[in-house]
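Subject: Structure for you to look at

Hello,

I am passing on the structure we talked about.

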Amino acid sequence: MGMEKITGRIATDLEGLKQFTATPGDGCTRLPFTKEARDAVEYLKVVMTEAGLEVHEDAAGNVFGIMKGEDESAPCVMMGSHYDSVRNGGDFDGIAGVVCAIEAARQLRERGIAPKRNFVVVGFCDEEGMRFGTGYFGSGAMLGNRDVEYCKKFKDTDGISIYDAMKGYGLDPEKIMDAKWPDGSIGSFLELHIEQGPVLDAENIELGLVDCIVGIQRYMVTVHGRADHAGTTPMDMRLDAVDAATKVISKIADWAREKADGTVATTGYINTVPGGMNIVAEKVEFTVDIRSSNNDNINDITRRIRAALDHETKEMGGSYEMDNKLTITPVMLSEEMLQIMEDDCREKGYSCKRLASGAGHDSLEIGQVIPTVMLFVPSKDGRSHCPVEFTKYSDFAKASVIMTDLAQKLLER
């Protein structure tokens, strides 16, 4: 199979999917349960069908394309990624992994292999968690980790819950547990993804073999004080929520730096209420996102944040809540599958290196329970989650061939 042909097919699919954005000309905005998501899913269904796959959409909004194997009850080989994006994100994050999984199905068919088990291509719904402040919705539902209560609990900034958004999208949230695959039915999971970081591009390496994905904990913190006049209220008589919150926020990054092993912590959102220049704030909301390949580091930073909040709110005379939005432990990826891909890269003359993923992916949720592997392609200048995100189509083609080779080995077992 000529690499040019493979590159062309991937390019056609990705160019076609670029149109499904709520922000044309300003990056990809494809939030879950929106018109853009629906249009992208319908497009994927057509492409999957053309690739000879049997297509269906599940109760969580995931879209699957199945290549039937000799024994359909044997644990399948699944490959894919997510079709949603962040606001004003790039055109490759997630969706390129879905397109390359469809391309792997095409290559398997063209090789004329007779799979002993099903090969399943998947496009997951809402990996990013951008709309509802969560993450890994579709892959979590596939594993049975999302229920009706979960769907009702989380809401977007307009107050629309996942539950209501699903209804508006044409899904029945009451049936969310139908999205669960039976235990043992998925034998392995493969995900191709852009690196989203600068390492491969800076070192001019063609492919990244991901051996570990960092754990993540996310929190929404609310600090409560009291609204007062900014000019007439003496400093020692204020319950200033901003004063207390920022004293804690200012320490968080340094606590991550202290760990010195790639641990990171971010406060990406801050909101003050009522938000007037001449009003002492009665409430501050802020987020914390902590990631590390060492779970003890995450837990320690979380503990320090709570202790600091305890201290500062007590000093002020206010209170706080620290609401957990996501907890996911670090995951080590399959050494066996990594070795197969590493040997294949050497054989084909592709440069590669092992590296950890600092971003979470569907593989992070799935890898907790199923043998999983990820393959990274370079991101130009390490840019991602922004409109300038770019990866060469020829890089995707190389990665798709390596992934197809791995899938073939697993399917023939």
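In α1, the residues M3, I6, T7, I10, A11, L14 and E15 make contact with Y393, S394, F396, A397, K398, S400 and V401 of α12. By class, this contact of α1 with α12 comprises 9 nonpolar, 3 polar and 2 charged residues. Please keep in mind that the model is predicted. Helix α1 covers residues 3-17, and its axis lies 8 Å from that of α12 at an angle of about 115°. The two helices, α1 and α12, are therefore roughly perpendicular to each other, and their crossing is right-handed.

Helix α12 (residues 393-411) also packs against helix α10 (residues 335-348): the two axes come within 10 Å and cross at roughly 130°. α10 and α12 are therefore oblique to each other. The crossing of α10 past α12 is right-handed. On the α10 side the contact is made by M337, I340, M341, D344, C345 and K348, and on the α12 side by V401, I402, M403, D405, L406, K409 and L410. Sorted by class, the residues of the contact of α10 with α12 are 9 nonpolar and 4 charged, with no polar ones. V401 of α12 is listed in the contact with α1 and again in the contact with α10.

The next pair is helix α8 (residues 241-259) and helix α9 (residues 295-316), with axes 9 Å apart and an angle of about 155° between them. That angle is over 145°, so α8 is roughly antiparallel to α9. α8 passes α9 in a right-handed crossing. From α8, A241, A244, K247, V248, K251, I252, W255, A256, E258 and K259 take part; from α9, N297, D300, I301, R304, I305, A308, L309, E312 and M316. The contact of α8 with α9 counts 11 nonpolar, 1 polar and 7 charged residues.

Now the pocket. The largest pocket holds about 1,200 Å³ of space. Its lining has 48 residues, and those nearest the centre of the pocket are E128, G129, M130, R218 and D289. The lining of the largest pocket splits into 16 nonpolar, 18 polar and 14 charged residues.

Which strands each supply at least two residues of that lining? They are β7 (215-224), β9 (264-266), β12 (283-292) and β15 (352-357). β12 gives the most, with 6 residues.

Regards

Methods. Residues are numbered from 1 along each chain as its sequence is written. This is a predicted model: local features need pLDDT of at least 70, side-chain atom pairs count only at pLDDT 80 or more; totals for chains, interfaces and linings use all residues. Side-chain values use heavy atoms; hydrogens and water are left out. Axes are lines fitted to C-alpha atoms, for helices over the stretch in contact, and angles run from 0 to 180 degrees between N-to-C directions. Helices (H or I, at least four residues) and strands (E, at least two) are DSSP runs, numbered from the N terminus. Angles under 35 degrees count as roughly parallel, over 145 as roughly antiparallel, 65 to 115 as roughly perpendicular and the rest as oblique. A crossing is left-handed if the near helix is turned anticlockwise from the far one by less than a right angle, and right-handed if clockwise. Contact means heavy atoms within 4.5 Å. Ala, Val, Leu, Ile, Met, Phe, Trp, Tyr, Cys and Pro count as nonpolar, Asp, Glu, Lys and Arg as charged, and the others, Gly among them, as polar. On a 1 Å grid over the protein atoms alone, a cavity is a set of points where a 1.4 Å probe fits but cannot get out, and a pocket is an open set with protein on both sides within 12 Å along at least five of seven lines; lining residues have an atom within 4 Å of a point. Grid points are joined across faces, edges and corners, and a volume is the space filled by probe spheres set on the points.
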